[in-house]
Amino acid sequence: MVRRASLVLLTLAALVSPAFAQRRSIDDDRFRQLEEVLPTPNVYRTGSGAPGPAYWQQRADYVIDVELDDERQRIIGRETITYHNHSPDPLTYLWLQLDPNIFAPDSDSALTRTAPDVNRMSLDTLRSLLAREEFDGSMKIAEVNDAAGKPLEHAIVKTMMRIDLPQPLVPGEMFRFSIRWEYAVNNAKVLWGRTGYEHFEEDGNNIYEIAQWHPRVASYTDAAGWQHKQYLGRGEFTLELGDFLVRITAPDDHIVAATGVLQNAADVLTEAQRKRFEEARTAEKPVFIVTPEEAKANEKSKPEGKKTWVFHAQNVRDFAFASSRKFIWDAQGHDVAGNRVMAMSFYPNEAEPLWSKYSTRAIVHTLNVYSRYTFPYPYPTAISVNGPVYGMEYPMICFNGPRPEKDGTYSKRTKYGLISVIIHEVGHNYFPMIVNSDERQWTWMDEGLNTFLQYLAEQEWEEDYPSDRGEPKHIVSYMRSTHQVPIMTNSESILQFGNNAYAKPATALNILRETILGRELFDHAFREYARRWRFKRPLPADFFRTMEDASGVDLDWFFRGWFYTTDHVDVAIENVRLATLASKDPEKEKAEQRREREEEPKTLAQLRNAEIPKFVDQLPELKDFYNEYDPLDVTDEDRKSYEEFLKELSDEEKKLLETKQNFYVIDLRNVGGLPMPVILEIEYEDGDKQELRIPAEIWRANNQRASKLLITDKTIKSLVLDPHLETADVDTENNYFPRRVVKSRFELFKEKQEKNEMQKAKEAEAKKG
């Protein structure tokens with residue numbers, strides 16, 4: 001119930017003044033600025049979050065010849081790398097990533113893997129565990145030479161390799177060197193990886209999705225120097241931008257998809273395929289370059305030799321490819337702000353009819369939505385490949401796994417799983433392929449931002465799209481959990497990886513857009529961040545600072561709470577008090593007090609004692625003045641005092657005294673610790689509703705409790721906090737005033753009595769007889 005009180009003028013004045021009592025210590029200040037946590041701005045990175053006037057980044061260009069050995073499932077390659085030192089530092093060595101070494105039997109990834117549940121294990125898990133003991137997919141380095149062919153000193157440190165330079169590489173100079181290597185490709189259906197092959201027993205063919213397949217120069221930055229943290233599996237990659245010229249030799253009946261643009265279509269495609277490809281450039285829907293029938297026939301073929309596919313890619317940080325004789329290939333040209341992009345999909349007949357219906361269309365949709373929220377897609381191609389890798393991204397190409405059942409039917413989960421994973425992986429072209437963040441250190445900077453944009457794209461696909469991540473209500477169970485770490489945690493140390501690095505930052509950005517800043521302000525700031533750091537390498541501080549700089553809103557409290565803590569949102573209505581202005585007219589005030597006194601409930605003892613004879617009724621002479629006295633009777637002295645009070649008031653003060661409005665004080669408690677705006681829906685007894693949106697700064701003086709005064713001439717019937725479920729409040733039951741009845745449903749079941757062993761034995765004997 002609402003507690004009612006009367007106010008005199010002095011009390012009213014106190015209520016409308018902000019209360020700064022119970023100020024908490026600075027260590028518990030949720031609005032403490034982040035500047036003492038973030039790195040100090042400098043000439044490389046400014047305090048506004050933009051690249052500084054002396055910003056620099058390294059560059060690595062690659063010329064690679066690689067052969068895919070389909071008989072032995074091996075990669076054999078040779079590359080020439082030209083490394084450009086744009087830093088102000090002389091370098092005496094270079095570090096390269098040898099990511100296939102994660103498949104060495106003694107890799108840190110293998111040795112630090114914790115034990116599975118050995119009491120219950122699937123056949124696939126056992127198969128994978130045994131294969132991991134025997135398979136060696138590490139990279140075998142045959143030679144490392146300088147441009148003149150002279151050997152270079154080098155040292156392999158697990159998944160990294162250091163190349164010692166013959167002399168320091170001074171700023172502004174470049175160094176060219178070459179490497180020969182080979183390795184065994186993992187069966188991705190047995191040994192999970194971000195790369196690998198899938199074998200089809202029915203026709204004896206393979207699909208290869210090849211990534212992390214060549215020695216790649218590690219990044220060297222102003223903030224961290226060499227990024228050479230070991231590759232353990234979760235923390236992905238940090239690479240330098242550059243140009244790639246890659247010649248891929250594969251069986252002559254394979255179709256190859258890769259990062260970049262095919263340079264020698266006349267050598268590897270038939271005349272009919274080339275004609276279809278040209279038609280696809282201006283088509284309004286996907287066109288088959290290789291039809292399902294052709295792919296099916298190709299499955300039965302045997303290679304007569306080899307073909308070399310040549311691809312060129314500019315300003316990319318990585319290169320991946322896929323190869324198989326099973327591939328269907330469809331394509332559609334699509335205009336993105338004047339850039340004609342070839343959206344293409346490669347998939348086997350096992351992926352039909354799902355892939356020809358949705359894959360390339362999902363690519364086009366992704367480019368449209370992401371380009372609107374960031375920058376126009378700059379590359380000439382965008383490719384989706386179906387194979388053994390469920391979801392993995394590389395420049396211009398991504399690997400996506402969902403397929404229908406063998407009979408061609410598919411579940412709702414499979415359909416939307418395919419659309420979502422394609423949106424997500426194609427979306428990674430923007431983060432981190434172009435906005436080139438450090439995945440090895442900060443997973444959320446690409447996965448979280450990309451999952452947020454994925455949610456926006458999903459919601460534009462169709463009404464009520466079943467998005468798994470992005471909606472605040474979907475993150476509640478994770479936010480309530482205890483086994484978690486802050487978002488600002490190194491990639492290899494994250495707990496509940498998907499929730500922490502994908503769902504929570506995506507939800508945080510959705511809340512920032514919808515509830516804190518509003519769509520217009522947020523979209524401007526987010527687009528500014530993307531465009532500032534396009535083809536550059538941002539750090540978390542650059543994102544935080546840019547969002548503040550471009551929006552003009554202090555967001556330190558938001559980023560501190562959501563990214564640096566594991567606090568959750570749980571705001572409760574603890575109490576509601578109603579005060580009305582006392583008129584000081586004794587006739588009115590004492591009448592009201594008498595009414596309230598009469599409405600007070602009688603105690604149980606009072607009710608029972610009422611029937612008991614009273615002693616003073618037997619001896620009336622014991623009664624005196626006080627037996628008849630009522631302090632609520634109006635006296636002449638009361639009336640005189642009121643008249644004197646009125647004489648002292650001005651006309652304006654007398655009018656103020658006639659105020660009839662209700663003064664409601666709503667007592668709020670921040671149970672979860674994470675400060676958030678207070679969104680309050682007010683329903684009045686006349687049926688009207690009002691929504692009040694109070695900024696999070698209401699918690700700045702006391703982050704645990706706050707009271708809000710509402711002045712209205714109406715009577716409040718009920719209050720609801722967060723009525724649109726927009727803040728990820730983990731306990732909505734304390735959001736209601738008055739409290740609502742908690743509803744649930746239960747099911748009945750009949751207990752079954754288990755048969756004992758003797759009964760089971762008798763039944764078995766009876767069946768034999």
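This is a predicted model: local features need pLDDT of at least 70, side-chain atom pairs count only at pLDDT 80 or more; totals for chains, interfaces and linings use all residues.

Me: OK, what is the mean pLDDT, then?
Reply: The mean pLDDT is 94.

Me: Now the inside. Which residues touch the most other members of the largest nonpolar core?
Reply: W213 and W562 do. That core has 193 residues.

Me: Which helix gives the most to this core?
Reply: Helix α7, residues 354-373, with 10 residues.

Me: Back to W562. What does W562 touch?
Reply: Leaving out residues up to four places away in sequence, the list includes M479, I487, K504, A508 and I511. W562 also touches V569, L674, M676, T727 and A728.

Me: Where do Y370 and Y430 lie?
Reply: Y370 is in helix α7, while Y430 is in helix α9, residues 429-434. The two parts are 60 residues apart in sequence, so the pair ties them together.

Me: Are those two buried or exposed?
Reply: Y370 counts as buried because its relative accessibility is 0%. Y430 is also at 0% relative accessibility, so Y430 counts as buried.

Me: What about the peptide bond from F737 to P738, cis or trans?
Reply: Cis, with omega near -5°. P738 is in the loop between β31 (736-737) and α22 (757-768).

Me: β31 belongs to a sheet, I guess. What's the strand order?
Reply: The order is β28-β27-β30-β31, an open sheet of 4 strands with antiparallel pairing.

Me: Which strands stand at the edges of that sheet?
Reply: β28 (689-694) and β31. Each has a single partner strand, so one side of each is left without a neighbour in the sheet.

Me: How many bridges does β30 make with β31?
Reply: β30 and β31 pair over 2 bridges, in the antiparallel sense. V720 has Y736 as its bridge partner in β31, and L719 stands opposite F737.

Me: How many bridges are there between β27 and β30?
Reply: There are 5, again with antiparallel pairing, and β27 covers residues 678-684. Y684 has I716 as its bridge partner in β30.

Me: How many residues of β30 are buried?
Reply: 5 of its 6 residues are buried, so to speak mostly covered.

Me: What is the order in the sheet that has β9 in it?
Reply: That one runs β9-β10-β19-β15, an open sheet of 4 strands with antiparallel pairing. The edge strands are β9 (196-200) and β15 (255-258), each pairing on one side only. From one strand to the next, the twist averages 10°.

Me: How many bridges join β15 to β19?
Reply: 4 bridges, with the strands running antiparallel, and β19 is residues 321-324. V256 stands opposite S323 in β19.

Me: Last topic, backbone angles. What is phi of D464?
Reply: Phi is near 60°, a positive value in a residue other than glycine. D464 sits in the loop between α10 (444-461) and α11 (476-480). D464 counts as exposed because its relative accessibility is 67%.

Me: And where is L725?
Reply: L725 is in the loop between β30 (716-721) and β31. L725 also has a positive phi, near 55°. Its relative accessibility is 39%, so L725 counts as partly exposed.

Note on methods: Residues are numbered from 1 along each chain as its sequence is written. Side-chain values use heavy atoms; hydrogens and water are left out. A nonpolar core is a set of buried Ala, Val, Leu, Ile, Met, Phe, Trp, Tyr and Cys residues joined through side-chain atoms within 4.5 Å. Buried means under 20% relative accessible area, exposed over 50%, partly exposed in between (1.4 Å probe, protein chains only). Contact means heavy atoms within 4.5 Å. pLDDT is the predictor's confidence in each residue, from 0 to 100. Two strands pair if DSSP finds at least two bridges between them. Axes are lines fitted to C-alpha atoms, for helices over the stretch in contact, and angles run from 0 to 180 degrees between N-to-C directions.
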